[in-house]
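Here's a quick briefing to read with the model open beside you. It covers pockets, cavities and a couple of helix pairs.

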Amino acid sequence: MIIFPAIDIKDGNCVRLVKGEYSTAHKVAEDPLETARSFEAAGAEWIHMVDLDGAKDAALVNKEIFIRVAKETGLKVEVGGGIRSMEAVDYYLRNGISRVILGSAAVKNPEFARQAVAEYGDRIAIGIDARNGMVAAEGWLDTSDVYFTDLAVEMEKIGVKTIIFTDISRDGTLTGPNLAQLIELSGAVSCDIVASGGVSGIEDIIALRDAGLYGAIAGKAIYTGALDVANAIAEGGKPRDLSRYFAKSELIPAIVQEASTGEVLMLAYMNEESLRLTLETGRTWFWSRSRNSLWNKGETSGHYQKLVSVSGDCDDDTLLIRVEQTGAACHTGNHSCFYQPIGFRKFKE
C-alpha cells in the first residue's frame, strides 16, 4: 500500500482543517518545499497536495507551490483543488505534476471528467468526498444528492483507475478512517482506492493495508507526531496479514453469497493461501479437502465467481464471500447448491 503524506495549502501556508471547515485552519509547517523534502527523506515516493483556496474559488490559486515541489524534489506529486477545466489539467500535467485530482468537476461536469480521462488516462484521479455518504463539492461547502458509490461506478465507466475517498466527518479528527465505507467502495468498483481522512497512527495504516487498499493519505497524524512517515511506509509495504483468521484452524468455512440478491450459493473451505489468491486475483479460490489441493472455482466449467467483498465473522473463524456468479455455482447445474427443500413446519408460539 502506498503512503501519501499530505500538504494542504491555504494562503500559501501548510495547514490542516478539521472536518473540512475553513475556519479551523491552523498552520502545521513553515515551508511547503522543505516539508516535502522531509517526506522524501523519510522514504516517500508520492505526496498528496491540495489547493484549499483553489477548491473554494475554482481557480489554481497556489499552483506555483505545487510546481516547485514537483520540480525541486524527486517526489511524484498529485494535486487537487480548483481544477475545473482542461486548461488547468494541461497546465499541471505539462509542468511536472504526476496526477491531478478532479473532485467537484466529477459531480457538476461529468463530461469534463470524461474528456480528461480520455486525454490523460491514469494521470487523472477522482476525489470523492462524502458527508453521511453523500458527495460534497466546492471545497466541501456544498453537499449533493449523489451517493458516493453511485458516483464511483459512473467514474469507473468512463475509465477512471484511481479514486481518493474522504469521509469528511473523519478528516483532521484523528478518529480513524471509515473502513466500512472504504470496503463498500472497494466492493462497488475495481478502481484503486486511496483512503483519506481520520488516520490517527500506525494501527490505522495496518488496518487499511489489511483491507487491501491501494493507498492511504496521512496528514494531521504526521504533523502531531502520532505517525512516523518512515514507519508508515514500512508497514504499508508489507503483505496484508490474514493469519488471524486461521489461528484456530488451517481451514475455515467460506459462505459464498450472490452479491446482487443475497442468495447463498455454496459452502466451501479456505486456507490462508486460497484466501490470499482470492484477494489478489479477484476470483474465488478454495481448498479441496477431497483432492487435498487448491482449486479455482470455474476453472473447468467457466462458471467463475468475480469477487465483490470478503468479510470475517465476529469470531474471525468464518468468511462471507460476496460474488458475481457466472452461470451455475453448483456442479449439478443449479445456480445454488442449496436447492433441495427438506421441509418446513409452522410451530405454535
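The second largest pocket has a volume of about 560 Å³, where a volume is the space filled by probe spheres set on grid points joined across faces, edges and corners. A pocket here is an open set of points on a 1 Å grid over the protein atoms alone, with protein on both sides within 12 Å along at least five of seven lines; a cavity is a set of points where a 1.4 Å probe fits but cannot get out, and lining residues have an atom within 4 Å of a point. Keep in mind that this is a predicted model: local features need pLDDT of at least 70, side-chain atom pairs count only at pLDDT 80 or more, and totals for chains, interfaces and linings use all residues. Residues are numbered from 1 along each chain as its sequence is written, and side-chain values use heavy atoms, with hydrogens and water left out.

**Second largest pocket**

- Its lining takes in 22 residues, and Met-266, Arg-291, Trp-295, Lys-297 and His-331 sit nearest the centre.
- The elements giving two or more residues to this lining are β14 (264–270), β15 (285–288) and β16 (293–296); helices (H or I, at least four residues) and strands (E, at least two) are DSSP runs, numbered from the N terminus.
- β14 supplies the largest share of the lining, four residues.
- Sorted by class, the lining has 10 nonpolar, eight polar and four charged residues; Ala, Val, Leu, Ile, Met, Phe, Trp, Tyr, Cys and Pro count as nonpolar, Asp, Glu, Lys and Arg as charged, and the others, Gly among them, as polar.

**Largest pocket**

- The largest pocket comes in at about 990 Å³.
- It is lined by 36 residues, with Ser-186, Ala-211, Arg-240, Leu-279 and Leu-307 the closest to its centre.
- Two or more lining residues come from each of α8, β11, α9 (202–210), α12 (272–281), β17 (305–312) and β18 (319–325).
- β17 gives the most, with seven residues.

**Cavities**

- Searching the whole structure turns up two cavities of 30 Å³ or more.
- The second largest cavity holds about 40 Å³ of space.
- Lining that cavity are Phe-165, Asp-167, Pro-177, Asn-178, Leu-182, Ala-195, Ser-196 and Gly-197.
- β10 (162–167) and β11 (192–196) are the elements that give two or more residues to this lining.
- Four of the lining residues are nonpolar, three polar and one charged.

**Helix pair α1 and α3**

- The axes of α1 (residues 32–41) and α3 (residues 63–72) come within 10 Å and cross at roughly 40 degrees; axes are lines fitted to C-alpha atoms, for helices over the stretch in contact, and angles run from 0 to 180 degrees between N-to-C directions.
- The two helices are therefore oblique to each other (under 35 degrees counts as roughly parallel, over 145 as roughly antiparallel, 65 to 115 as roughly perpendicular and the rest as oblique).
- Pro-32, Leu-33, Ala-36 and Arg-37 of α1 meet Ile-65, Arg-68, Val-69 and Glu-72 of α3, with contact meaning heavy atoms within 4.5 Å.
- That contact divides into five nonpolar, no polar and three charged residues.

**Helix pair α7 and α8**

- The axes of α7 (residues 148–157) and α8 (residues 179–188) come within 9 Å, crossing at roughly 35 degrees.
- Phe-148, Thr-149, Ala-152, Val-153 and Glu-156 of α7 make the contact with Gln-181, Glu-184, Leu-185 and Ala-188 of α8.
- By class, this contact has five nonpolar, two polar and two charged residues.
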